[in-house]
Amino acid sequence: MLYGADYNPDQWPEEVWDDDIRLMQEARVTTVSLGIFSWSRIQPAPDVWDFGWLDRIIEKLHAGGIAVNLATPTASPPPWVTTHHPDVLAADEFGAPYWHGARQHHSPASETYRRLASEVVRRLVERYADHPAVVMWHVSNELGCHLPVEYSDNARDAFRRWLHERYGSVDALNAAWGTDFWSQRYGSLDEVFPPRRAPYTRNPSQVLDYHRFMSDMWLECYRMERDIIRAGGATQPISTNMMGPFKPADYASWAEHIDVITDDCYPDPLDPHRVRNVAFQRDLVRSLKRGQPWLLMEQATDAVNWRPANPSKKDGQLSAESAVAIGRGADGVMFFQWRQSRGGVEKFHSAMVPQAGTHIGGQPTRTWREVTSLGASLADLGDLPAPGDDAPVALVFDWESWWAVEEDAKPVHVDYLGVIREWYGALHARGVMVDVVPPEKVDGRYRAAIAPFLYLLRSPGAQQLESFVAAGGTLLAGPFTDVVDDCDRFRPGGFLTQLGPVLGVGLEDFRALVPPVLGGAAERAGQEAQASGGGGGQSVQVSGEGLAFRGTFLAEALVPLGAEVRATFDDGPSASRPALTRRAHGSGHAWYVATQPDASGIDALVGAILDEAGVAPVVPGLPTGVEAARRGSLVTIVNHTDHPVEVAFGGVGTLPPQGHAFVHTA
Ligand code: GLA
C-alpha cells in the first residue's frame, strides 16, 4: 500500500528537508511523487542543468526509507522556453496565444515543446533509472487538464496529419464529415483547420474528430515520454495521473499504454451526490484495467482552493473516502501535496503538513492527526487481494458518445455524465458492484448491462452487446441510443439500425422534452448546478404493470417489432405508445426505455433488471448512507453518515460516523 503525496522540495530551503523526512516517517509515508513542476529548477536556462538538489533529496529520501515516484516536469515549461520559442504556446479558439504565468500553456502538438521535453526526460532517466529509491515514473501531470482543447498552428498541422492517417484521402474525409452540407467540401487536407471560432454551429463530425485528435495528442505526449523512459533502461512501472471522468481525454483508449492506472480525485464538498460520485469515479478508473489495482494519486487532506467556495472536509471523511478507494481497487492513497506551499496559487490548498503546523500548543492539528492515523492504519493493512471479476453489472460509458451527444444541434441538450451517474446512483444505492466500461467490453463476465444515451454506437460495440444478450445477459438500453455511426452520421435505414432487431423495436421520432437540471453535474466547476439540485424541465407520465414513473429529456415514439410492451406513456407527445419494452433474444433479454426515468423510475428499472439477472448486493440490508464494495475476498464497508450504524456482517457491529471496516471473506 503506497501512502504519501506530491513532494515539492524545490519550493523550500534545504534546511526544511530533514524535517520533512522526519515527519514523513512519523506519518508512515512510504512514497512521494517528486519534482512534478521542477523544470525551471532542473533546467534554469537553455544550456544550464542542475540536478544537484534532486540528487541530494533523492539520497535523503532513500536513506529515510521513502520511495520515489519520479516525475517528469513537462507539465509546465519554464518562462525561458516560451520566451525563446513562442511556437510552443497553445492558442485559443480565436488563434490567440495563451502566455506563460500559470501552467500547462504549451501546445501538445508543438515539435519544439516535444524536443525540449524529450531532452529533460532523457537526462532524468539517464541519471535516475537505476536509483534504488525510484519505484515508479510519473509522466507529466494531469495531461490536458487546463487546456484540453487548443487551436494553435501546431495543432492545425498535426490535425491535418492525423486526418490523413485516419482517412487516407480528402474524398474519404468529405464523406465522413458530410461536407456537401453548407458548401464545406474540401479540395485538399491543407484547407482543413481546427474548429476555430466560426459564425455558427460547426460541423459536428469535424468537432468530434477534433475531440479524438486532442485526446490522441495528449496520449502521444505520454507515449513519447514513456518510450524515452523505457529506452533509457528504466524498468519501473510508468503512469500518468488521470482525472476520473474527464471529458477531454478518452482514458478507455489510453489505458492499454499505461502500466498502472493512477487517478486524482477532488470531490466537491457541496455536491449533494458526493458519495455516489466518488464511488463512480473509483469504479470507472478500476474498470480501465480490469483485474488490476490502481492508485489514488492525488486527493486533498482537507479543503482545496480552486472552487468558488472551499469548505473543509468533515472529521474522518478523509479516512472514509480513502477506504472507498481501497475497497474499490486502490493499492495506494496519496495526496496533493506534502507540505502546504507558502507562495503561489495553491497556498490555501490543504496538504499533509499544514501551514498551521503539525501541532499547536502541544496538540496535533486535525489534519496531522488524521494524516498520521490514516498512515498507521494503512501500514497495518497487510496484503490485499487483487480486484477480481467483482462486478456483475456493466454500466456502459463511452467517451466518443459523450463528445458526440453533447454537441449542439440535437433534439435536446443532454448532460451525459449527469445521466450516467444517475443510473450509477441506483446501482450504488442497491449495493451492487458495477464496472463502468465502453460497449466493446460488455462481455460474459457481466450478468446485466445498462446503456443509456449511447448515441454513437460503433459496430463492434453493437455486435458485442448483441452477443452479450444472446449468451444470456440482460441488457437495458436507451433512450437516444444507436443513433449515429463513428462519424456522427445517421446510418442508412433509420434509427436503432443495429440494436433494433435485438430489442424488437423500431424508432420513429425522438420527441424532445425541455430537459431538467441534473444535480452534481460537473466535477470541477459545478457549484451552481449542484445548488439547483436537479428537477425542473418537462416530464411525461409512464405506467405499466406495477410500475409508474415520470420521464424526462425525450418521449420517443417507438414501434414494437416483436418486443412485449411493459409500460406506455400516459401523456405527452408519445401518449399511449410504448415507453418500456422487453424482448427475449438468444438466452438473454433486451429491454428498451424510451425516456430518461426520474429517480424512482430508474430505481424500479434497475431493480427489475437485477432481479432478472439474479444480481445480489455485496452486503444485503445496509442502511442508507452506508456502502459496501467487493475486491476479491475483501469486503469494505463505509459509513458516510454523521451517526453510528449497526452492521450485521462479518462481525462488524457498530460503525462510527465516517467509520469503515475491512472484512476478509473466504
Ligand atoms: C491537480 C494537480 C495538482 C494540484 C491539485 C490541486 O490535481 O495535479 O498539481 O494543482 O490539482 O487540487
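Predicted model: local features only at pLDDT ≥ 70, side-chain atom pairs only at ≥ 80, totals over all residues.

Trainee: Which residues lie nearest the centre of the second largest pocket?

Mentor: Val275, Arg276, His428, Ala429 and Gly625. The lining has 36 residues. Elements giving two or more of them are α10 (274-288), α11 (317-327), α14 (416-429), α18 (599-613) and β24 (626-631). Helices (H or I, at least four residues) and strands (E, at least two) are DSSP runs, numbered from the N terminus.

Trainee: Which element gives the largest share of that lining?

Mentor: α14, with six residues. By class, the lining has 14 nonpolar, 11 polar and 11 charged residues. Here Ala, Val, Leu, Ile, Met, Phe, Trp, Tyr, Cys and Pro count as nonpolar, Asp, Glu, Lys and Arg as charged, and the others, Gly among them, as polar.

Trainee: New topic. Which residues are around the ligand?

Mentor: Among them are Phe37, Asn141, Asp264, Tyr266, Phe336 and His349. The shell has four nonpolar, two polar and five charged residues.

Trainee: How many Å is an oxygen atom of the ligand from an N or O atom in the side chain of Glu298?

Mentor: 2.4 Å. For the side chain of Trp306, an N or O atom is 2.7 Å from a ligand oxygen. For Arg103 that value is 2.9 Å.

Trainee: Let's do the open sheet of 10 strands. What is its order?

Mentor: β13-β12-β14-β15-β22-β21-β20-β17-β18-β23, with mixed pairing. β13 (434-437) and β23 (596-597) stand at the edges, each with a single partner strand, so one side of each has no neighbour in the sheet. Two strands pair if DSSP finds at least two bridges between them.

Trainee: How many bridges join β21 to β22?

Mentor: Six, and the two strands run antiparallel. Arg583 stands opposite Ala590 in β22.

Trainee: Where are the cis peptide bonds you flagged?

Mentor: One joins Phe336 and Gln337, with omega about -5 degrees. Gln337 sits in the loop between β9 (330-335) and β10 (359-360). Another joins Gly478 and Pro479, also with omega about -5 degrees. Pro479 is in the loop between β15 (474-477) and α16 (500-503).

Trainee: What about the phi of Arg28?

Mentor: Positive, about 65 degrees, although Arg28 is not a glycine. Most residues other than glycine have a negative phi.

Terms used. Residues numbered from 1 in each chain as written. Heavy atoms only, no water. 1 Å grid on protein atoms, 1.4 Å probe; cavity = no way out; pocket = protein on both sides within 12 Å on 5 of 7 lines; lining within 4 Å. Near = heavy atom within 4 Å. Polar contact = N/O pair within 3.5 Å; in protein donor to acceptor, adjacent residues only side chain to side chain.
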